[in-house]
Amino acid sequence: MKKLLLFSLFFFSFGVMAQEISITQKQAAASVPFAQPFAVQYALSHSPDYQVAVDEDSLPAEFEITQTSVVKNSPATQTYDFTVIPFSLGKSTFTVTFNLTQEGKTIAQAQEPIYVEITPAKTFPGEDLREIRGPKVPDGWLTWLLAFLAAAA
């Protein structure tokens, strides 16, 4: 009898779905140049009939998010795409917190960091480069020079 009760409780627990959210896939470039936009993608799996929202306070300060798009793949999966501009050098962490909500209440959260190496911007110190602008001559300095030379003479 006890085995039957435990067996039925075990299978009954699969019928009751817990409210959960998980990040099934994350994707970003491993190395990007400083101040150059790049794409970050998160694929989420969550309980159906719940909403997923990005926690705006969790967005990293060393990155500027210029564009965000959401694609609902099924009632229980979504894909978030971010276009991000990095403003720090070295190894940086991009972390976003996703909230699973129902009726405005947060039920569960998920976050997973993405590590990105930010490289310095390329410069061109080549010797074959030269200045193509003409020399800037300050206005009126030649008149003052001639007046000074005439007064000195």
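**A tour of the predicted model**

Residues are numbered from 1 along each chain as its sequence is written, and side-chain values use heavy atoms, with hydrogens and water left out.

Colour next by confidence: the protein chain averages a pLDDT of 82, and 85% of the residues score at least 70. Then select residues 4–17, where pLDDT stays under 50. Where pLDDT is low, the predicted coordinates should not be read in detail.

Now select F38, Y42, F63, Y80, F82, F94 and F98, which ring pairs link into a cluster; rings of Phe, Tyr and Trp (its six-membered ring) pair if their centres lie within 6.5 Å, and planes under 30 degrees apart count as stacked, over 60 as edge-to-face and the rest as tilted. The structure holds eight aromatic pairs. In one of them, the rings of Y80 and F98 have centres 5.1 Å apart and planes at 50 degrees, so this pair is tilted. Both residues count as buried (under 20% relative accessible area, with a 1.4 Å probe and protein chains only), Y80 at 4% relative accessibility and F98 at 0%.

Finish at K91, whose charged end sits over the ring of Y115, 5.3 Å from its centre (NZ of Lys or CZ of Arg within 6 Å of the ring centre and within 35 degrees of the ring normal).

Technical notes
This is a predicted model: local features need pLDDT of at least 70, side-chain atom pairs count only at pLDDT 80 or more; totals for chains, interfaces and linings use all residues. Buried means under 20% relative accessible area, exposed over 50%, partly exposed in between (1.4 Å probe, protein chains only). pLDDT is the predictor's confidence in each residue, from 0 to 100. Contact means heavy atoms within 4.5 Å.
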